[in-house]
Amino acid sequence: MSLLEVTDLKVHFPVKHGLFSTARESVKAVDGVSFKIEAGKTLGLVGESGCGKTTLSRAILRLVDATGGNIRLDGEDITTMTGRALRERRRKFQMIFQDPYSSLNPRMTAGDIIREPIEIHGLAKTKSALNDRVAALMKSVGLSAEQASRYPHEFSGGQRQRIAIARALAVEPGLIICDEPVSALDVSIQAQVINLLQDLQREHSVAYLFISHDLAVVEHLSDDILVMYLGKVVESGPAAEICREPKHPYTQALLSAVPEVNPADNRKRIVLQGDLPSPIHPPSGCPFHPRCPLVEARCNSEVPPLRSVGGARAAACHLI
Ligand code: SF4
């Protein structure tokens, strides 16, 4: 049984044009997405801004309602769960955001920020056990217990993200959704935070859904990768295989923008033309066709289904 199993998930938002308009269109922010995450593993979710990654994560956290499909956590269907039952399940999945400054309460000390969820969920029996736990969490993310009395503005961006990670870990979750957690940090600090996340995964057996627009970051720490474009999965499979030999033209373009570790590989840069189309009026046929360097006549009218392309890999392209 997988820790998280998402099947044919759809999140559509109605759009109205003008105050008196009755025409109802919808934005298909997430349109039939399926995947699994095993305990202690990392699934990297990649795509440009606006491709549906954040809506997908919000639907998993049940912050937005699914229009269709289902979400199973530890085998239990949580798609329409509400009230106390949902609150209890929520401890199992936590989230880390791109900007820790806006996600941490500026009026609380680092110690209180980490302490709060432990108290809410009654995870420490005595005050000294609570304090020991906060100190241990701070140490595990590379902060000292003495820093517990400081406020978020007294920390650097990387340190603030460490506080957010400690807070997420405080309730012993099975899954942490990391939404662009290093995009706002300097490159050298990014590597430190990513290494920390990997160390913590080994220690705590926590799974990550790691969301990023940057395939280089995702490649480094994911077991599997899901590439999204306009609300749909266009390629999925083991991270090492996708990064060695991307099959979908969109994944190839994303990967071609990643700087080479070995310049002798001489990867050819594919520059994507134009911006991501509006999700309100997505292109006909293959949604990637207006920007695809390999587009053919049938791509304008026929939607390529996501299908197996060997082993655990799948891609949605007529040419594969
Ligand atoms: Fe490009 Fe056509 Fe494949 Fe879409 S189906 S990715 S437009 S070649």
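**Entry 1: helix 4 and helix 5**

How are helix 4 and helix 5 set to each other, roughly parallel or oblique? I worked on a predicted model, and there I found the axes of helix 4 and helix 5 (residues 127-140) coming within 10 Å and crossing at roughly 120°. Angles from 65 to 115 degrees would count as roughly perpendicular, and helix 4 and helix 5 are therefore oblique to each other. I noted the crossing of helix 4 and helix 5 as right-handed.

Next I listed who touches whom. Helix 4 brings Ala110, Gly111, Ile114, Arg115, Ile118 and Glu119 to this contact, and helix 5 answers with Leu130, Asn131, Arg133, Val134, Leu137 and Met138. Sorted by class, I get 7 nonpolar, 2 polar and 3 charged residues for the contact of helix 4 with helix 5.

**Entry 2: helix 4 and helix 6**

I stayed with helix 4 and turned to its other partner on my list. The axes of helix 4 and helix 6 are 8 Å apart, at an angle of about 20°. Since angles under 35 degrees count as roughly parallel, helix 4 and helix 6 are therefore roughly parallel to each other. I wrote this crossing down as right-handed.

From helix 4, I see Ala110, Ile113, Ile114, Glu116 and Pro117 meeting Ile163, Ala166 and Arg167 of helix 6. The contact of helix 4 with helix 6 has 6 nonpolar and 2 charged residues, with no polar ones.

**Entry 3: helix 6 and helix 7**

Which way does helix 7 run against helix 6, roughly parallel or oblique? I found helix 6 (residues 157-169) and helix 7 (residues 187-204) packed at an angle of about 15°, their axes 10 Å apart. Helix 6 and helix 7 are therefore roughly parallel to each other. Their crossing is right-handed.

On the helix 6 side I noted Gly158, Gln161, Arg162, Ile165 and Leu169, and on the helix 7 side Ile189, Gln192, Val193, Leu196, Leu197, Leu200 and His204. By class, that makes 7 nonpolar, 4 polar and 1 charged residues in the contact of helix 6 with helix 7.

**Entry 4: the largest pocket**

How much space lies in the largest pocket? I have it down as about 570 Å³. It is lined by 19 residues, and Arg90, Phe93, Gln94, Met95 and Arg167 are the closest to its centre.

I then asked which elements supply the lining. Helix 2 (83-90), strand 6 (93-96), helix 4 (110-120) and helix 6 each give at least two residues to the largest pocket. Strand 6 gives the most, with 4 residues. In the class count for this lining I have 11 nonpolar, 3 polar and 5 charged residues.

**Entry 5: the largest cavity**

How many cavities of 30 Å³ or more are there? I count 1 cavity of that size. The largest cavity holds about 90 Å³ of space. Which residues lie nearest its centre? Of the 13 residues in its lining, I noted Pro249, Cys286, Cys292, Cys299 and Cys317 as the nearest. I sorted this lining by class too, and it comes to 10 nonpolar and 3 polar residues, with no charged ones.

Methods
Residues are numbered from 1 along each chain as its sequence is written. This is a predicted model: local features need pLDDT of at least 70, side-chain atom pairs count only at pLDDT 80 or more; totals for chains, interfaces and linings use all residues. Side-chain values use heavy atoms; hydrogens and water are left out. Axes are lines fitted to C-alpha atoms, for helices over the stretch in contact, and angles run from 0 to 180 degrees between N-to-C directions. Angles under 35 degrees count as roughly parallel, over 145 as roughly antiparallel, 65 to 115 as roughly perpendicular and the rest as oblique. A crossing is left-handed if the near helix is turned anticlockwise from the far one by less than a right angle, and right-handed if clockwise. Contact means heavy atoms within 4.5 Å. Ala, Val, Leu, Ile, Met, Phe, Trp, Tyr, Cys and Pro count as nonpolar, Asp, Glu, Lys and Arg as charged, and the others, Gly among them, as polar. On a 1 Å grid over the protein atoms alone, a cavity is a set of points where a 1.4 Å probe fits but cannot get out, and a pocket is an open set with protein on both sides within 12 Å along at least five of seven lines; lining residues have an atom within 4 Å of a point. Grid points are joined across faces, edges and corners, and a volume is the space filled by probe spheres set on the points.
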